[in-house]
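Subject: Structure handover

Hello,

Here is the structure for you to look over. My notes on what was found in it follow below.

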Amino acid sequence: MAACFANQFGLPSWGYVLGILHDKGKERLAFQQYIRNVNQLSTDDRKHYDDHNHAFVGGIMAKNIMGKSVLHLLVNQIISHHTGLHDYLDVERVLEERQIPVEISMKSGSVDKSLLLKELAESPFSKYKVDMKHFHHLSRMLFSCLVDADRLDTERFMDVVSWSKRGCSSAMTELLPKLEDYLRELRQHTPDNDVNRIRKRVQEQCSMTSSGEKGFYSLTVPTGGGKTLSSLLWAMKHAVIHGMNRIVIAIPYTSIIVQTAGLLKEILGEENVLEHHSNFNPDDIKDEDVRDKAKLATENWDYPIIVTTNVQLFESMFSNMPSDCRKLHNIVNSVLVLDEVQTLPMDFLQPIVDALKAYKTMFGISVLFTTASLPVLSGLIKGANPKADFEGIERITEIIPKEFALHDKLRRVELNMDNTGKTYDEIATDVAIYKKVLCIVNTRKDAKELYDRLPNEGVKLHLSRMMCPSHISETIRMIKSLLKDESQPVVRVVATQLVEAGVDIDFPVVFRQEAGLDSVLQAAGRCNREGRHTVGTTYVFSLSAEKRVPFGAMAAANNARLNLQADSDWFAPSVMEKYFHQLYSRKNTFDDKDMKHYLYNPNELCFETASKEFRMIDDDCMNVIVNMGNSMELVEKLKKSGYTYPLMKQLAQFTVGIHRSDFDKLVSYGAIEEVLEGIYLLMDREQYDSATGLRLDNHWMEEILMI
């Protein structure tokens with residue numbers, strides 16, 4: 001099985017040897033005694049056992065047969081298949097401290113050293129073809145083959161029912177006609193207007209260019225140009241033409257994932273589309289067979305279409321853990337669609353770009369970048385000093401020709417930039433002039449301050465991450481419904497950036513607090529989205545009069561925008577390119593955690609350390625369950641039955657992430673209860689506002705003072 005997986009990237013013999021040597025440790029008498037005892041095949045009734053570790057044996061044998069050069073091609077994989085890939089010094093320590101037990105047969109006739117070396121020399125990884133800094137990805141990919149083969153083989157023996165439900169539901173050649181039929185039907189039932197003609201032209205261009213060779217492509221289409229369906233059409237046709245296995249769509253925000261996955265399930269069938277993100281609970285799938293298949297597929301991504309988060313994808317690529325790496329071999333020979341690519345974190349831009357280059361060269365993937373604001377990812381990417389520079393992708397083929405001038409033809413918004421510092425009251429007054437208006441700000445505090453200052457007329461709504469996912473989803477549904485209801489004249493919304501990309505809402509007027517140009521254009525994408533008005537207006541404002549200015553990465557992005565010419569055509573791709581060059585020139589590093597130090601020297605690989613360092617989301621966050629909906633019923637179940645995966649997925653819908661300092665403040669009020677170890681509850685319903693979410697103030701103290 002491991003040989004079959006590794007054959008996808010030209011190293012079947014290496015996969016085979018991993019599988020063969022992996023099992024050698026199970027000849028240990030201590031392991032045999034343990035396995036008999038736990039299966040009640042022995043009279044020994046001990047509950048605790050002496051060391052029965054079996055993993056080190058095959059690793060030592062691999063080193064003895066092949067030499068130390070295979071430390072991270074065979075040895076580390078075998079000794080780490082339960083614990084996670086080790087740092088090189090820990091691998092060497094295991095080899096020094098452990099001895100092969102005398103009862104182990106040293107026969108290794110199935111290991112052909114010359115065949116392994118020949119296969120490696122002829123593979124895509126040959127040192128003559130690939131930069132050695134990509135070695136760690138090959139090491140992790142072989143680890144993936146072994147781990148998934150081990151887990152699947154065990155399942156095949158111990159859980160035949162689950163094993164029988166494994167495997168892709170449909171081939172890509174079966175799914176493509178479903179998409180084409182859907183697009184044909186859609187065109188027949190949409191009005192013949194300028195926007196729909198542009199969408200049709202974009203789809204035709206995607207269809208025409210899908211036969212290009214494997215590599216890097218970009219689809220740069222302004223908001224409203226039908227990017228989601230067009231990118232899927234390109235990816236599916238490209239996959240069919242090149243005989244590729246699957247499509248992996250990675251998206252930065254769960255709100256967009258839910259929308260995208262819902263549409264794809266409608267077109268291709270729920271049994272062919274796997275959602276894998278924190279807010280999706282497979283138990284919500286009604287069909288039992290589809291539900292079971294989806295749960296199993298989250299372990300190794302053996303599905304035709306995967307819709308996941310950037311965090312899930314890239315942290316898996318840099319992880320050392322078996323559960324994360326298990327899926328990696330199923331990315332081989334696939335199409336990777338990176339949506340809203342401008343959101344890739346610049347602090348990890350170098351390792352991410354290098355990973356994509358490695359996967360393209362060694363593992364035969366194609367990458368499609370989709371966005372309305374394409375960042376600069378090709379050529380020499382220059383930072384604030386020469387040490388920050390790194391080589392980007394050699395060539396990215398843009399699908400949409402410049403002569404299409406989509407930014408002109410889809411222009412439905414006028415940008416009004418005002419850098420004058422304003423107060424909360426001034427902005428609230430400006431926003432209140434309009435009946436239907438969206439105001440996007442940079443922080444939760446700013447959202448709360450402006451929301452409180454808006455007049456209580458008509459409907460005013462708040463959206464921020466102080467609200468739990470269930471509350472956010474409910475509010476977005478309400479906004480969409482209210483905007484369609486012509487009898488509701490006043491709808492004012494104050495939100496953080498969570499609505500900025502992919503949330504399908506359409507206001508005639510949008511306000512956006514100062515930020516980078518990419519964020520400003522994303523906000524403008526919520527304005528006159530469907531072209532119902534001749535032109536919409538997006539106002540960019542500053543809250544510097546309140547000393548509320550962008551900080552950190554957002555400050556650099558805002559300064560890059562401010563450094564562009566004031567009369568720029570903000571929607572033009574050439575201006576976006578200048579903006580990203582400005583932004584990059586302010587960066588001292590594109591590898592904030594120094595992944596090069598841990599991973600780019602093939603003789604000193606530190607997988608465990610790198611895995612801990614590569615975190616795309618700040619870990620200074622404490623998750624708190626809030627009292628909303630049926631969350632208290634779920635908490636009672638948790639107390640009685642303990643931690644279960646389905647239960648925690650349900651509770652995730654009622655969880656808010658807050659900074660450690662805010663968490664400590666709530667603890668000091670006595671507002672936080674620890675339900676189980678590491679699982680915290682905000683029981684007091686009054687501490688969660690039905691409009692704005694979790695409150696950080698002590699509402700009991702406020703009420704006492706009022707009395």
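The chain exposes about 31,200 Å², and 50% of that area comes from carbon and sulfur atoms; accessible areas come from the Shrake-Rupley method with a 1.4 Å probe, and for residues only the protein chains shown count as cover. This is a predicted model, in which local features need pLDDT of at least 70 and side-chain atom pairs count only at pLDDT 80 or more, while totals for chains, interfaces and linings use all residues. Residues are numbered from 1 along each chain as its sequence is written, and side-chain values use heavy atoms, with hydrogens and water left out.

The chain as a whole

The chain has 30 helices and 21 strands (DSSP runs numbered from the N terminus: H or I of at least four residues for helices, E of at least two for strands). Its radius of gyration is 27 Å, close to the 27 Å from the globule rule for 707 residues, so the chain is as compact as a globular protein of that length (the radius is taken over C-alpha atoms, and the rule is 2.2 Å times the number of residues to the power 0.38). Of the 707 residues, 54% are buried, meaning under 20% relative accessible area with a 1.4 Å probe, protein chains only.

The second largest pocket

This pocket holds about 1,600 Å³ of space. A pocket is an open set of points on a 1 Å grid over the protein atoms alone, with protein on both sides within 12 Å along at least five of seven lines; a cavity is a set where a 1.4 Å probe fits but cannot get out, and lining residues have an atom within 4 Å of a point. Grid points are joined across faces, edges and corners, and a volume is the space filled by probe spheres set on the points. The pocket has 48 lining residues, of which Arg199, Gly224, Asp504, Arg529 and Glu530 are the closest to its centre. Helix 11 contributes the most, with seven residues. By class the lining has 14 nonpolar, 14 polar and 20 charged residues (nonpolar: Ala, Val, Leu, Ile, Met, Phe, Trp, Tyr, Cys and Pro; charged: Asp, Glu, Lys and Arg; polar: the others, Gly among them).

The cavities

There are two cavities of 30 Å³ or more. The largest has a volume of about 90 Å³, and helix 12 gives the most to its lining, with three residues. The second largest cavity holds about 40 Å³; its lining includes Lys165, Arg166 and Tyr303.

Regards

Conventions. Buried means under 20% relative accessible area, exposed over 50%, partly exposed in between (1.4 Å probe, protein chains only).
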